[in-house]
Amino acid sequence: MSGQTILLAEDDNAIRTVLNQTLTRAGYDVRPTSNLSTMWNWIARGEGDLLITDVALPDGNAFELMPKISKMRQHLPIVVMSAQNTFMTAIQASEAGAYEYLPKPFDINELLAIVSRALSEAAKPRQKLAGKPEFDEQLPLVGRSGAMQEIYRALARLMQTDLTVMVTGESGTGKELVAKALHQFGRRRNGPFVAINMAAIPRDLIEAELFGHEKGAFTGATGRLSGRFEQAEGGTLFLDEIGDMPMDAQTRLLRVLQEGEYTMVGGRTPIRTNVRIVAATHRDLSQLIAQRAFREDLFYRLNVVPLRLPPLRDRLDDIGDLVGLFLQQEQRDGELTKTITPEAISELKTYSWPGNVRELENLVRRLCALHAEETIGAQLVKAELSHTQAQAVGGSSHPVDLAAAVELHLAKVLNEREPGPPPWGLYQDVVEQVEVPLITMALNACRGNQIRAAKLLGLNRNTLRKKIRHHAIQVVRQSRNGQ
Ligand SMILES: Nc1ncnc2c1ncn2[C@@H]1O[C@H](COP(=O)(O)OP(=O)(O)OP(=O)(O)O)[C@@H](O)[C@H]1O
Ligand SMILES: [Mg+2]
């Protein structure tokens, strides 16, 4: 490997020195510089076998120079490093033809591995895309946590390919957004993006939805209908909630993916298909495979490139960026401009976000809609979060079974109590926690009619009356019937 020359453009002295030393020790000739013009002079003279460059240099932006570099030195591999670390930096690097993109800080051994790989790979001419994606659009994905950096890098690499991608992750982690980004910034961006959600379509209609049907294919098929495969021709087909696909449809889909052609329901002629497939699910497919609810061979067809989106609780550092984005979107929708305090952001980081980014987005929208304050502070967030948690335990947004809720309650009582003697009377405490809402809701459901409430609860009428008195539950009669 010795004798190969690496051009190194980096304006941070400390970083440049470390990189220079490490690469030299690894046997490369290194030419360090802190500016773009020196780097360009070298390149124009045909010097260097590989370029490592920072994005923002004192005399310009490396991205602006890269098309010129590619034109003049088509085979020169470029490794881009940046501290900006956004989705767009990764995409721009890939668009500009970078061999690799490294968000700072990075592992120096990773850089060495990349450099050696880039130099040994027969330098292939880099692909150029027709037309540019629109970079001035709203950043589609935000968050700069390490976990998201990995996703951005993977996405950037995938943009130039047609590989099938399987996006997994809990509900609300951004699976659909990632699928759209793959399309919007990939080479099929001028084609259609078509989504189909397996969980939202009646099972016996899925095949007709996917492949279309001929007139008279089944009762109710009054005309020919194009399917999603046909609609997505030349573009991307997003198979959402793939784990909910019925077996028959799975078998058929597998065949289409293997053969590259399909027939419409009730049709005979095979139709060739040209779509890029992106699938997503929040379910554990390996478990479904073990239960024989998902075909293993289809799984391998779809899981060519797996992308696993991390839950929000594992990347709490992204909350600031995400809230910033959602506040900005609210403003665009004509709402008042709001700001959020750092303390409020810290408060948001204490919650576990079972509904992930979607839950955070909804909370920000709610905070904007319900409160007149221009600044969202920690108190407001705290109040809203305790409200959310209470609702979650009540089962309205996230069904939690009662036993789990009791366990959660007990764990809280036992872990968070003040130092000192344990809280005697736990049994009564838990029973009351259940009894009060139970009786209150039964009474409400029966419009305050105690006889009917007692029946609903399966309690003796006098027992109910005693309990109402004991807990001082207010009974509001809404109707004059009965009692
Ligand atoms: N990294 C991100 N940056 C900005 N917005 C995001 C990000 N991730 C998710 N969102 C937003 O959060 C919401 C939920 O995302 P999305 O619908 O893609 O999730 P999902 O994983 O498909 O969820 P589900 O499994 O429930 O279908 C969307 O409004 C999306 O725009
Ligand atoms: Mg989704």
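In the predicted model, strand 6 (residues 78-82) and strand 7 run parallel and are joined by four bridges. Within this pairing, Val-79 has Glu-100 of strand 7 as its bridge partner. Both strands belong to an open sheet of five strands, arranged in the order 2-1-3-6-7 with parallel pairing. Strand 2 (29-33) and strand 7 (100-103) form the edges of the sheet, each pairing on one side only. On average, neighbouring strands of the sheet are turned by 15° against each other, direction ignored.

Helix 1 (residues 13-25) lies across strand 1 (5-9), strand 2 and strand 3 (50-54). Relative to strand 2, helix 1 runs at about 170°.

A further set of parallel pairings involves strand 8 (residues 165-168). Strand 8 is joined to strand 13 (residues 276-281) by four bridges, the two strands running parallel. In this pairing, Val-167 is placed opposite Ala-280 of strand 13. Strand 8 also pairs with strand 14 (residues 305-308), again in the parallel sense and over four bridges. Here Val-165 is placed opposite Val-305 of strand 14. In a regular strand, side chains alternate between the two faces of the sheet. For strand 8, Val-165 and Val-167 lie on one side, and Met-166 and Thr-168 on the other. These four residues are all buried, and both faces of strand 8 are covered.

Towards the end of the helix numbering, helix 19 (residues 450-457) packs against helix 20 (residues 461-471) with the axes 9 Å apart. The angle between helix 19 and helix 20 is about 105°; the two helices are therefore roughly perpendicular to each other. Helix 19 contributes Gln-450, Ile-451, Ala-453, Ala-454 and Leu-457 to the contact, and helix 20 contributes Arg-461, Leu-464 and Arg-465. By class, the residues of this contact comprise five nonpolar, one polar and two charged.

For the protein as a whole, 20 helices and 16 strands are assigned. Of its 483 residues, 32% are buried. Among contacts between residues at least 6 apart in sequence, 71% join residues at least 24 apart.

Terms used:
Residues numbered from 1 in each chain as written. Chains lettered and ligands numbered in written order. Predicted model: local features only at pLDDT ≥ 70, side-chain atom pairs only at ≥ 80, totals over all residues. Pairing = 2+ DSSP bridges. Axes fitted to C-alpha atoms, helices over the stretch in contact; angles between N-to-C directions. Contact = placed C-beta atoms within 7 Å. Buried ≥ 20, exposed ≤ 12 C-beta atoms within 10 Å, placed from the backbone. Parallel < 35°, antiparallel > 145°, perpendicular 65-115°, else oblique. Nonpolar A, V, L, I, M, F, W, Y, C, P; charged D, E, K, R; others polar.
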